[in-house]
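Subject: A structure for you to look at

Hello! Here is the structure I promised to pass on. Please open it and keep it in view while you read.

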Amino acid sequence: MIIILRDSAKDEQVDELIDRLNKLDVKANLVEGVHQRIITLIGDTTKIDMDSVQAMEIVEQVKRVQEPYKKANRRFHPDDTVIDVKGRKLGGGTLNIIAGPCSVETEEQLITTAVAVKEAGATMLRGGAFKPRTSPYAFQGLGAEGIRLLIEARKITGLPIVTEIMDLKDIDLFADVDVIQVGARNMQNFTLLKELGHCDKPILLKRGLSSTLQELLMSAEYIMAGGNEKVILCERGIRTFEPKTRNTLDLSAVPLLKYHSHLPVVIDPSHATGIAALVEPMSLAAVASGCDALEIEVHRDPKNAWSDGAQSLTPEAFSKTMEKIKALAEFCGRPVDKN
Ligand code: PEP
Ligand code: MN
């Protein structure tokens, strides 16, 4: 961090600021240039509140040189984090495919879809039990019963289960879930993130609808700061001015997140596009971009799905897409993980 001082700053005010900063476990040095005086800060500046420094009368500008996230930062953790989910390795050089319905609807719907995605080569099962819906009149999910059915589907298929938490009051229901998803709308629910920092399960954290990559990494940092370092980042499309797709898939997020962070990165082409026909091409593009996993919505009967039918693949379409994904993943040197 560097602090640029105003010309009017008096020497005793500068000394006072340096003393104050040195008490915060950083080394503050005054650099006197011909036209400007600057204080450079070396050490862990993550706990320094830039706004309060900026508010000081003698300060012209404060700039961060290093990113404000530490635990999620590749600078301090050069090796990729590998998250083990019942033997599947997220971030370990293989590609994981998380597939399943948007919402858990009925036992028959979930089990037939789960068996079909397993057959096609999916490595994990997704399904929403608690659904964040734009309309309060839309299907809100089966809740506890949905989680029970996911556990049932895991018994039959052996696929680990991924499902979304919306409210901390439900946390006990997630005791037997393999990966807890935090949806886009909750990416900055800091109370929820802090609490998930104290649990021992992998957290799949989705990028907010209008969040920057840095904000996503700061949300990951919230979870990691609490002690849970098993965070999986997910790009699921962001809001732009383009109405032809539900969101705009920001694929540059993959190499950028991987450059700045050691955490595994997932692409969700279903919510990113909202259109089933775009899921295959965007999945292939995502594999080529170097992602560690894909999260794809599959429904045995999309036109009658209780949520997100337009973006859901049929089991047949998913199976065909999987063949292409497998071939490309093999070619890219990160083959699909075992299922
Ligand atoms: C989901 O994956 O079910 C979901 C609601 O996605 P998002 O939070 O990305 O909208
Ligand atoms: Mn959905």
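Below is what was found in it.

This is a predicted model, in which local features need pLDDT of at least 70, side-chain atom pairs count only at pLDDT 80 or more, and totals for chains, interfaces and linings use all residues. Residues are numbered from 1 along each chain as its sequence is written, ligands are numbered from 1 in the order in which they are written, and side-chain values use heavy atoms, with hydrogens and water left out.

The chain is divided into domain 1 (2-63) and domain 2 (74-331), with bounds from an automatic or database domain assignment. Their centres, taken over C-alpha atoms, are 43 Å apart.

Now to the ligand. Which residues are around ligand 1? They are R126, K131, P132, E164, Q181, G183, A184, R185, K206, R236 and H271, where a residue counts if one of its heavy atoms lies within 4 Å. This shell has two nonpolar, three polar and six charged residues (Ala, Val, Leu, Ile, Met, Phe, Trp, Tyr, Cys and Pro count as nonpolar, Asp, Glu, Lys and Arg as charged, and the others, Gly among them, as polar).

- 2.8 Å to a side-chain N or O atom of R126
- 2.8 Å to a polar backbone atom of A184
- 2.6 Å to a side-chain N or O atom of R236

Taken alone, ligand 1 exposes 290 Å², and the protein buries 97% of that (Shrake-Rupley method, 1.4 Å probe).

Happy exploring!

Key
Polar contact = N/O pair within 3.5 Å; in protein donor to acceptor, adjacent residues only side chain to side chain.
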